Amino acid sequence: MTTAQSAAPPAGAPAPPGRRRVGLTHRAGVGSGRRPPLVLLVPACVAALFALLPLGYLAVRALERGPGYAWDVIADERTLQLLGRSLALTTVVVAACLVLGVSLAWLTARTSLPGARAWSVLATLPLAVPSYVAAFAWLSAAPQTTGLAGAALALTLVSFPYVLLPVAAALRGIDPAQEEAARSLGHGPLRTFWRVTLPQLRPAAAGGALLVALYVLSDFGAVSLMRYDTFTRAIHTSYRASFDRTPAAALSVVLVVLTMALVAAEARTRGRAGHTRTGGGTARPAIPMPLGRWRIPALAWCTAVVAAAVAFPLGTLGYWLAVGTSATWDLGALTEAASATLGVAAAGAALTTLLALPVGVIAARHRGRGARLLEQAAYAGHALPGITVALSLVFFAVRYAYPLYQQLPLLVCAYAVLFLPVTVAATRAAVLQAPPVLEDVARSLGRSPLRVLREVTVPLAAPGVAAGAALTFVVCMKELPATLLLRPTGMDTLATRLWTETGAGSFAAAAPYAAALILLAAVPSYLLGRHRT
């Protein structure tokens, strides 16, 4: 049975007499008015401070030559052009990802699409394709595909699973009885979807859209290959062109402000809605909707998306492996790079999950300004270019922790700063799906906050948290700018070897590393697809 109400009552307040709770809800009473326990608050603050570290670096660098100089950089016409171009690219990619992600999630989760389970897995595989590999594939096939159109195409095809995964998970969690009740009252399928289903999908779609927007704002590889100037490309160029870091730091500050505005907009779109059920899960699965005459168009749509996002880049790599004359199969170097990639990605995912867990639980279970600030702080580093985060950590290590300089822990920390929002969003969504009443019962039985977290919250949210960790593992494997700067001397990952060979024009020599990267990243992506089915 589910409960529903439109506004949250005070914590611990009984339901109004005679008012039966039916339908949706939801976060009502979940932590409202109750301060987060110290067992969550202390590590969450540590995670927030960790994520805010690059901002401190930016403040020092941006003001190094005085506020007036920094303002001149920010108010320059070139900065406004970069802002417009970055917003244009983000808007196009987010809109396209919402269309692709929501439509594919709906087709694979709620309709009688033939092979729905296979399609749902295939649709998550683009997560394994780095944006720079997708851009290279399209450029090699159609060199004129550059600029806004090329960058939007490449980024859309690799990032729409960020919308697909949370929306599909939300569709699984929606009680089908609500939709059946709406149809029994005379509502057609379209009106039922619009009035009943879509409002419940809004938090998941907004969270996915936010991840896509942050991914686009922080991308460097695809926009560089497509020769489309955004903040990230301009910042990288500024860092490489001059020893004066102030202009790049000032541009990074603009990017951070833009990121915080997006996070605030997503929180406003999400509103106060959430949804949980009392009990362990849906009483019965939803009955697949017959597609009828739309069966063939639906299959064609799925085929076209998977072909463009997965088959096409793989086919391009296969072509370079087969016909390239400069291909060098150094199996030892390939194995060594693959091992290093797996090791640093696993360490990065583990640290990120550890930091994200308290922030995600607080974001899901507690309201108020403090909880919002903690969650927003966790997003601070995600839109920063990887090179900015890397340089901030170098700045910190050289001045305060020199033994960490050019060592593996510093690279792992950079991954945690960059990808903390990925795991926070997954953890928050998983905890929202867990019934809060079970935690209230545990507390009423005298369980301490730590035992409630360990014995109730974490086990209930474990599948979603694990999915977030797997997603973080994939993005860590693909990360490029921070890895180039922070990797220990002598260590190469698949991404850095791929970039080095591509920069030298040896596309065929780069192909084995690109293929290995995609194949390794495809494993957790496949498991993510299996998880949500």
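**Entry 1: Gly186 and helix H8**

I began with the backbone just after H8, where Gly186 takes a positive phi of about 100°. I note that the model is a predicted one.

I then turned to H8 itself, which spans residues 176-184, and asked which of its residues are buried. I found Pro176, Gln178, Glu179 and Ala182 to be buried there. Viewed down the axis of H8, these buried residues fall within an arc of 160°, so they line one face of the helix. I recalled that an α-helix has 3.6 residues a turn, so residues three or four places apart point the same way.

What do the buried residues of H8 pack against? I traced their contacts to helix H3 (77-110) and to helix H9 (189-218).

**Entry 2: Arg227**

I looked next at Arg227, which has a positive phi of about 55° although it is not a glycine. Most residues other than glycine have a negative phi, and I therefore recorded this one separately. I located Arg227 in the loop that runs between helix H10 (221-225) and helix H11 (231-241).

**Entry 3: the nonpolar patch**

I looked up which residues make the nonpolar surface patch of about 410 Å². I listed Val437, Leu438, Val441, Leu445 and Leu460 as its members. Helix H18 (residues 436-444) gives the patch its largest share, three residues.

Leu460, one of the patch residues, lies in helix H19.

**Entry 4: Gly464**

I stayed with H19, which covers residues 449-478 and also holds Gly464. Is Gly464 buried or exposed? I computed a relative accessibility of 17% for Gly464; buried means under 20%, so Gly464 counts as buried.

I also checked Gly464 against Thr427. The two are 37 residues apart in sequence, while their C-alpha atoms are 6.3 Å apart in space.

**Entry 5: the whole protein**

I counted 22 helices and zero strands in the protein. Of its 533 residues, 53% count as buried. I noted an accessible surface of about 22400 Å² for the protein, with 67% of that belonging to carbon and sulfur atoms.

Definitions and conventions:
Residues numbered from 1 in each chain as written. Predicted model: local features only at pLDDT ≥ 70, side-chain atom pairs only at ≥ 80, totals over all residues. Heavy atoms only, no water. Helix = DSSP H or I, 4+ residues; strand = E, 2+ residues; numbered from the N terminus. Buried < 20%, exposed > 50% of the residue type's maximum accessible area, 1.4 Å probe, protein only. Arc of directions from axis to C-beta. Contact = heavy atoms within 4.5 Å. Patch = residues over 30% accessible without salt bridge, like charges linked within 9 Å, V, L, I, M, F, W, Y side chains within 5 Å. Areas by Shrake-Rupley, 256 points an atom, 1.4 Å probe, with all protein chains shown as cover. Salt bridge = Lys/Arg side-chain N within 4 Å of Asp/Glu carboxyl O.
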